[in-house]
Amino acid sequence: MKYRAIWAIYHYEMSRAWRTLVQTLVAPVIFTSLYFVVFGAAIGPSMQDIAGVSYAAYIVPGLVMLAVLTQSVANASFGIYFPKFTGSIYELLSAPLSYAEITFGFVSAAASKAIIVALIIMGTARLLVDYQILHPIWMVLFLLLTAFTFSLLGFIIGIWADNFEKLQLVPMIIVMPLTFLGGSFYSIHMLPPFWQAVSLLNPAVYLVNGFRWSFYGSSDINPWLSVAVTGAFMVVFLSVLAWVFRTGYRLRP
């Protein structure tokens, strides 16, 4: 394992984030904070407590997970797409680096950016909402697992995309709607039985509820099932990446 090379990729990607600080960190935090103001402050007082938790506090884990999912995918997809766009990807592929080392460098940077955004959002939420974290270790583990798993998805999207429109297609059309419908703002037990069953087909439900359990100790889904589903996604995405690098799909002309 060439740690210096991995660090070089990681450092380059993180340096790019600091150069585009407003787009990378400030904008997602402001965007998510608006949800706290609208749903927490404006709508929250008129909502009943959910599982003994005030509505304003209940949506905190969902909003954090919303930011983690979208930022992980967006950062990783752009991180690998831009070298393809400029042609510098061939320098990486011709360097004495394994595909695993290249992937780990880009994915670690994307996951780090998403986690930083999540921590800033949680700090901002603390100023607006009184919430607690009953299982901080599990919270960190869920955060890391989700950020790395969906950074792998973003990495795959960045390799697949051959223009900027496709780069935005999956995050905007699939990832974000699934996250909004994944219980970020509500408990699935509030839905009619039919839609509860349909919601269980949404992978975001397991991620949001697993993360919420680490805060309040209550969840619509068994937390172990949430870990298993997230782990299954990681295995699938790693398998897809192994195939991509083995065949050179969208990497070699």
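I started with Thr 146, which touches Met 65, Val 68, Leu 69, Leu 207 and Thr 230, not counting residues up to four places away in sequence. Touching, or contact, here means heavy atoms within 4.5 Å. I then looked up its place and found Thr 146 in helix H6, residues 136–160. Thr 146 has a relative accessible area of 0%, so it is buried. (Buried means under 20% relative accessible area, exposed over 50% and partly exposed in between, with a 1.4 Å probe and protein chains only.)

A note to myself on the source: this is a predicted model, where local features need pLDDT of at least 70, side-chain atom pairs count only at pLDDT 80 or more, and totals for chains, interfaces and linings use all residues. Residues are numbered from 1 along each chain as its sequence is written, and side-chain values use heavy atoms, with hydrogens and water left out.

Next I looked at the whole chain. How many helices and strands does the chain have? I found 10 helices and zero strands. (Helices are DSSP runs of H or I with at least four residues, strands are runs of E with at least two, and both are numbered from the N terminus.)

Then I turned to helix H1, residues 3–19. At 1.5 Å a residue, its 17 residues should span 24 Å, and the end C-alpha atoms are 24 Å apart, which agrees. (The expected span is 1.5 Å times one less than the number of residues.) Which residues of H1 are buried? My list has Ile 6, Ile 9, Glu 13, Met 14, Ser 15, Arg 16 and Ala 17.

Met 14 came up again when I looked at Ser 112, which is in contact with Tyr 10 and Met 14, leaving aside neighbours within four places in sequence. Ser 112 lies in helix H5, residues 99–128. Its relative accessibility is 17%, so Ser 112 counts as buried.

Key: The expected span of a helix is 1.5 Å times one less than its number of residues.
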